[in-house]
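Open the structure in your viewer and keep the selection tool at hand. The tour goes from one selection to the next and says what is there.

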Amino acid sequence: MTLLANETHSFEPSLLGGLLSDDTFWPSQPQNVGETGLSESFIEALVLKTVLIAGTVSGRSISDRTGLAFRVIEPLMDVLRTRKLLSHVRPAAFNDYYYSLTEAGQQRAQTHMQNCSYVGPAPVPLADYVLSVEAQAAGLDPIDRDQLQQALSRISYQDDLLDQLGPAINSNTGLFLFGPPGNGKTTIARCLTQCLGQEIWIPHAIMDDGNLIKLQDDAFHRPAPISEAGSDSSSGNILKTQEWDKRWLRIQRPTVVVGGELVMENLEVRHDPRSNICEAPLQMKSNCGCLLIDDFGRQRIAPEELLNRWIVPLENSCDYLTLPTGKKIQIPFEQLIIFSTNLDPDELVDEAFLRRVPYKIFVGDPTEDEFRALMNEVSEKLGFPSTPEASEHLFRYYKETERPLRRCHPRDLMTQVANFCRYRKMPMTVRPEYLDQACRSYFSQL
């Protein structure tokens with residue numbers, strides 16, 4: 001197992017050798033201010049703003065809120081007391097105290113809040129974030145057919161799709177999923193993230209050149225429990241799971257999904273001048289995971305404009321962002337990027353753009369046997385008795401109307417039948433007239 005090691009930063013994964021076999025990166029806890037990569041003045045400002053928001057709060061609670069070890073911030077709080085910005089209110093457990101702001105401290109905290117209103121876990125330096133992405137990047141370990149089958153085990157697909165998806169995932173570049181609507185392209189894309197590994201570490205926020213970039217996003221980042229670390233009594237190494245840098249969050253590999261609402265501003269650092277906080281772009285939030293552009297071609301920006309923005313990242317696995325100060329920074333572009341569309345890629349962009357997305361995978365309609373299997377599975381989940389003739393009745397309808405089969409139809413049609421039975425307070429049964437009514441409603445048949 002290759003573990004990240006960097007002498008100039010606060011990561012010491014060598015401490016974990018042989019203990020955490022799934023981790024290629026582990027953020028070890030800083031022992032002093034120097035190891036945080038932050039200035040004393042920034043940490044002091046964050047402490048004052050934290051106390052301003054919390055009111056009377058213990059030192060260890062400040063440590064929890066800022067994500068900095070108590071041994072790191074305790075000397076700084078002593079300095080703030082000496083400067084009469086903090087004061088002791090009463091003793092707390094474990095040689096701690098409850099703190100509150102003095103009048104001068106409140107004024108100073110308000111000034112800091114006007115300069116930057118961020119309050120929360122302290123940021124990590126940009127260089128540390130870059131190292132973490134490089135260590136945890138998806139695609140470092142190629143997947144095999146068994147892993148892909150497991151990831152897609154909950155959905156229906158045609159078997160030949162596996163041999164097309166597998167190489168595309170191992171390339172860790174980009175792929176088009178195209179084909180008629182309703183056949184599970186978006187669902188397939190969401191499932192593919194499971195092939196990329198399990199949990200990763202991300203910082204709550206990043207600091208570079210005085211710019212604070214908020215990375216953690218509840219919409220895309222799902223917290224993951226930290227596995228219990230074992231102990232190796234023979235070597236004398238005992239690792240406590242509590243010992244990690246609390247500025248970092250353990251999450252499931254992210255799947256960032258955007259559709260027609262995507263605009264170019266979502267791909268750049270967004271700065272709020274009132275709070276002086278920057279928001280990370282979508283490609284940063286999806287690093288080490290999957291970025292799905294759903295309904296590609298229907299965004300409010302032209303497909304050529306979107307792909308123009310990503311020509312360099314797709315080829316070089318890095319992106320360049322501009323901070324509010326005008327500084328350009330380089331960040332990793334390490335995710336599986338998937339373009340899902342109902343349109344033919346050849347009709348959306350020219351050959352030069354398609355070359356940057358080397359895999360184009362067609363997701364076609366289900367066969368009749370697959371449709372029957374889907375009907376049986378959906379019926380069982382909804383509580384219907386086994387009714388094989390329901391599929392045959394629908395096949396006749398599809399042939400009469402020359403309507404193609406779609407994988408979403410069994411779920412949607414049978415749900416309408418179930419809703420009708422509940423409305424009429426009837427047993428959950430499938431009758432031809434119920435299916436006909438569901439088809440008239442669902443397909444807008446006159």
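Which residues line the second largest cavity? Select Gln29, Pro30, Thr36, Gly67, Leu68, Ala69, Val72 and Asp245, which form its lining. A cavity here is a set of points, on a 1 Å grid over the protein atoms alone, where a 1.4 Å probe fits but cannot get out, and lining residues have an atom within 4 Å of a point.

Before going on, note that this is a predicted model, in which local features need pLDDT of at least 70, side-chain atom pairs count only at pLDDT 80 or more, and totals for chains, interfaces and linings use all residues. Residues are numbered from 1 along each chain as its sequence is written, and side-chain values use heavy atoms, with hydrogens and water left out.

**The cavities**

The second largest cavity has a volume of about 30 Å³. A volume is the space filled by probe spheres set on the grid points, which are joined across faces, edges and corners. By class, its lining has four nonpolar, three polar and one charged residues. Ala, Val, Leu, Ile, Met, Phe, Trp, Tyr, Cys and Pro count as nonpolar, Asp, Glu, Lys and Arg as charged, and the others, Gly among them, as polar.

The structure holds two cavities of 30 Å³ or more. For the largest cavity, select Tyr129, Ile200, Ile202, Met284 and Asn287, which lie nearest its centre among the 14 lining residues. Its volume is about 60 Å³. At least two lining residues come from each of α6 (126-136), β6 (199-203) and α10 (282-285). Helices (H or I, at least four residues) and strands (E, at least two) are DSSP runs, numbered from the N terminus. The largest share of this lining, four residues, belongs to α6. The lining divides into nine nonpolar, four polar and one charged residues.

**The second largest pocket**

Next comes a pocket, which is an open set of grid points with protein on both sides within 12 Å along at least five of seven lines. The second largest pocket has a volume of about 590 Å³. Select Gly184, Thr187, Arg407, Cys408 and Arg411, the closest to its centre of the 26 residues that line it. Two or more lining residues come from each of α9 (185-192), β18 (336-341), α15 (368-382) and α17 (409-423). Helix α15 gives the largest share, five residues. The lining has seven nonpolar, 11 polar and eight charged residues.

Where does the second largest pocket lie? Colour domain 2 (126-224 + 244-362) and domain 3 (368-443): both give residues to the lining, so the pocket lies between them. The domain bounds come from an automatic or database domain assignment.

**Aromatic rings**

A search of the whole structure finds 16 aromatic pairs. Rings of Phe, Tyr and Trp (its six-membered ring) pair if their centres lie within 6.5 Å; planes under 30 degrees apart count as stacked, over 60 as edge-to-face and the rest as tilted.

Select Trp310 and Phe333, a tilted pair at 6.0 Å centre to centre with 50° between the planes. Trp310 is in the loop between α11 (303-309) and α12 (311-316), and Phe333 is in the loop between β17 (328-332) and β18, 23 residues apart. Both Trp310 and Phe333 are buried, where buried means under 20% relative accessible area, exposed over 50%, and partly exposed in between (1.4 Å probe, protein chains only).

Now select Phe371 and Phe395, with ring centres 5.5 Å apart and planes at 50°, so this pair is tilted too. Phe371 sits in helix α15 and Phe395 in helix α16 (residues 389-401), 24 residues apart. Phe371 and Phe395 are both buried.

**Single residues**

Asn276 has a positive phi of about 60° although it is not a glycine. Most residues other than glycine have a negative phi. Asn276 is in the loop between β13 (270-272) and β14 (277-279).

Finish at Asp295, in the loop between β15 (290-293) and α11. Asp295 is not a glycine either, and has a positive phi of about 50°.
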